[in-house]
Amino acid sequence: MSLKKTAAYFLTGIFVVVLFACSGPQVTRVDSNEEIDLSGDWNDTDSKQVAQEMINDSFASKWVEDYKMANGRKPRVIIGSVLNKTEEHISTETFVKDLERSFINSGKVTFVASKAQRTEIREEKDDQALNAKNAKKKGNETAADFMLKGQINSIFDANKKAQLKYYQVELELIDLETSETVWMGQKKIKKVVAKRKYKA
């Protein structure tokens, strides 16, 4: 192979590498609390706002004070299933964690570990019983008084110019002893996403 051809191949290789490097994604770090909505889909801002507003709404009703008056202590709460009934992939686990955080930070209730967490804790206690001198005793878990559960629904509509994204979150708080619903909450989010115009 001639020197000219070798140089030509070498320069072509460099050009291809530079081309791919320049066409890669541009990443900009932003504050995690900044509200960013790129697609109109359910996102972290929706999750945090809905969780906080719905927990605040639940505390506006009388169930906490009624329970404290009758039992002399704060109610114990656990979060059950929150179902995604939308066509989107929504991380309900993230939403559940936002709900947990809002409950715990309120200081108005005692929060009980989830079923999955309790299973892991029991496995740890079994291990401690075999290997630790100061093993934690089994059978001393605190039972929940109320369970929060719910679902996320959506309706989508679109024309040539825009798309409407409507989310409706339904939550209910259930007394685990009586199976009575002591609170029901609903939060709606409506977004209009304008479609971009591309010039020919």
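Biologist: A crossing is called left-handed if the near helix is turned anticlockwise from the far one by less than a right angle, and right-handed if clockwise. Which hand does the crossing of helix 2 and helix 4 have?
Modeller: That crossing is right-handed. Helices here are DSSP runs of H or I with at least four residues, strands are E runs of at least two, and both are numbered from the N terminus.

Biologist: What kind of model is this, and how are residues numbered?
Modeller: It's a predicted model, where local features need pLDDT of at least 70 and side-chain atom pairs count only at pLDDT 80 or more, while totals for chains, interfaces and linings use all residues. Residues are numbered from 1 along each chain as its sequence is written, and side-chain values use heavy atoms, with hydrogens and water left out.

Biologist: OK, back up a bit. How many helices and strands does the chain have?
Modeller: Five helices and five strands. Starting at the N terminus, they go α-α-α-β-α-β-α-β-β-β.

Biologist: And what order do the strands take in the sheet?
Modeller: The order is 2-1-3-4-5, in an open sheet with mixed pairing. Strand 2 (110-111) and strand 5 are the edges with a single partner strand each, so one side of each has no neighbour in the sheet. Two strands count as paired if DSSP finds at least two bridges between them.

Biologist: Which strands pair in the parallel sense?
Modeller: Strand 1 (residues 76-84) and strand 3 do, over six bridges. For instance, V77 has F146 in strand 3 as its bridge partner.

Biologist: F146 again: what is its bridge partner in strand 4?
Modeller: D175. Strand 3 (residues 146-158) and strand 4 (residues 162-175) run antiparallel, joined by 13 bridges. They make a hairpin with three residues between them.

Biologist: How does strand 4 sit with strand 5?
Modeller: Antiparallel, with 13 bridges to strand 5 (residues 181-194).

Biologist: What's up with S179?
Modeller: S179 has a positive phi of about 65°, although it isn't a glycine. Most residues other than glycine have a negative phi. S179 is in the loop between strand 4 and strand 5, and that hairpin has five residues between its strands.

Biologist: Is S179 buried or exposed?
Modeller: Exposed, at a relative accessible area of 59%. Exposed means over 50%, buried under 20%, and partly exposed in between, using a 1.4 Å probe and protein chains only. Buried residues are 27% of the 200 in the chain.

Biologist: Back to the helices. At what angle do helix 2 and helix 4 cross?
Modeller: Roughly 40°, and the axes of helix 2 (residues 44-60) and helix 4 (residues 92-106) come within 9 Å. Axes are lines fitted to C-alpha atoms, for helices over the stretch in contact, and angles run from 0 to 180 degrees between N-to-C directions. The two helices are therefore oblique: under 35 degrees counts as roughly parallel, over 145 as roughly antiparallel, 65 to 115 as roughly perpendicular and the rest as oblique.

Biologist: Which residues meet there?
Modeller: Among them, V50, A51, I55 and F59 in helix 2, and F95, L99 and F103 in helix 4. Contact means heavy atoms within 4.5 Å.

Biologist: Where does helix 2 lie on the sheet?
Modeller: Across strand 3, strand 4 and strand 5, at about 150° to strand 5. Helix 4 packs on the sheet too, touching strand 1, strand 2, strand 3 and strand 4, with its direction at about 155° to that of strand 1.
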